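Please work through the exercises below with the sequence and the structure at hand, and try each task before reading its solution.

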Amino acid sequence: MAATRRSSRLGVQSDAKSTTAQPIPPLPEDHRTNSTQKSRKRKTSISKAIAPVTPPKRRTERIQLAPPLTPTSSAARAVAEPANSTKPRNATVARLADPQATNAILLSPETSRVVASKIIESESPSQKPGTRVTTDNLLDVACAHLIRIDERMRPLIERNHCKMFSPEGLAEKIDPFESLASGIISQQVSGAAAKSIKAKFVALFDTQDKTTRFPHPSEVMAVSIETLRTAGLSQRKAEYIKGLAEKFTNGELSTAILHEAPYENLVERLVAVRGLGRWSVEMFACFGLKRMDVFSVGDLGVQRGMAAFVGKDVAKLKSKGGKWKYMSEKEMLELSKKFAPYRSLFMWLMWRVEDSHTDVSTLE
């Protein structure tokens, strides 16, 4: 019995010794490598945090600025688009047309009285049919003239129908006060912003018949500058529109004057109004009054289109002195002069020369 107990104790001790003495298996190779790398990374990150960081050298590169966008699209659309754009289209009625005069049907801002050229009842027996320039054939006559002067105009004309000077476009009734005020609203803002501000401006004036219409000049004169600014107008624009309304209420401007005045006299009168620069007046004369012999040398889209039209590589033309010049004003005037008295159509087609660069689809 005693021998059995002793042998049992010796067996247990032997097992214990063998268990304690058994070596710990080594870590796998990949585990040791990862641990070493993590340790090195920690040391490296610590040293980087302590060591001063030398800022990288700034690379000096000459940045080629993009040419400024011409405001033609939004501004011209604002000039030509009435506040009530849902009213039915007007029936076309043949009237006498004159490329050197106003061909639009104008509405008196206060009374809505119509001022327009003489309606043609019938062709005179002594004249050949179609020999007189009328609102029915004005666009055709103008297109034929441009092609006769320069055959390169033919593909541009065939691809782009100018609705503005078509019989339908000339049948639209234009409120000159609305057109000029809309041009002021659209200055230096996007087309969407101009449309929103104009809608808020119109909403300031409640009409008795609950129809959406642009306010009369007398209604604008009765409202304070502060009230006008609640529509989103700047202080200066509110003052400009108020001053424009005053010109119409005191008779310095009228529908009759805008319809009958010679072009240079018309420009002189309108440029004298605060807020109306030469470019704005030219756009109004072309898109609002539908005058056929307007040409603007100050429009970048026209300038670029003309440069491409004569074969210049406009992509290689660079900014000179901070001002983009694709053609000089002298070159533009010399080229456009031969298309008189239909330079408005020529100008409109120059916007269309490079559709990828100048989007003028809204001008229709």
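This is a predicted model: local features need pLDDT of at least 70, side-chain atom pairs count only at pLDDT 80 or more; totals for chains, interfaces and linings use all residues.

**Exercise 1.** Find how many disulfides the structure holds, and explain the result for C162.

*Solution.* We begin with the general idea that a disulfide is a covalent bond between the sulfur atoms of two cysteines. The cut-off needed here is that the two sulfur atoms lie within 2.5 Å. For C162, the closest cysteine sulfur is that of C143, and because the distance is 7.7 Å, the two are too far apart for a bond. C286 is in no disulfide either, since the nearest cysteine sulfur, that of C162, is 7.7 Å away. The structure therefore holds 0 disulfides.

**Exercise 2.** Describe where T135 lies and what its side chain reaches.

*Solution.* First, locate T135 in the loop between β2 (114-115) and α4 (138-149). Next, note that T135 is buried, with a relative accessible area of 3%. Its side chain reaches the backbone oxygen of V93 at 3.3 Å. Finally, leaving aside neighbours within four places in sequence, the residues in contact with T135 include R95, P167 and L170.

**Exercise 3.** Check the span of helix α8 and decide which residues lie on its buried side.

*Solution.* At 1.5 Å a residue, the 13 residues of α8 (residues 191-203) should span 18 Å, which agrees with the 18 Å between its end C-alpha atoms. The buried residues are A194, I197, K198, F201 and V202. Because these cover an arc of only 135° around the axis, they lie on the same side of α8. The face turned away from that buried side carries the exposed residues A192, K195 and A203.

Key:
Residues are numbered from 1 along each chain as its sequence is written. Side-chain values use heavy atoms; hydrogens and water are left out. Helices (H or I, at least four residues) and strands (E, at least two) are DSSP runs, numbered from the N terminus. Buried means under 20% relative accessible area, exposed over 50%, partly exposed in between (1.4 Å probe, protein chains only). A polar contact is a pair of N or O atoms within 3.5 Å; within protein, one must be able to donate a hydrogen and the other to accept it, and residues adjacent in sequence count only if both atoms are side-chain atoms. Contact means heavy atoms within 4.5 Å. The expected span of a helix is 1.5 Å times one less than its number of residues. The arc is that of the directions from the helix axis to the C-beta atoms.
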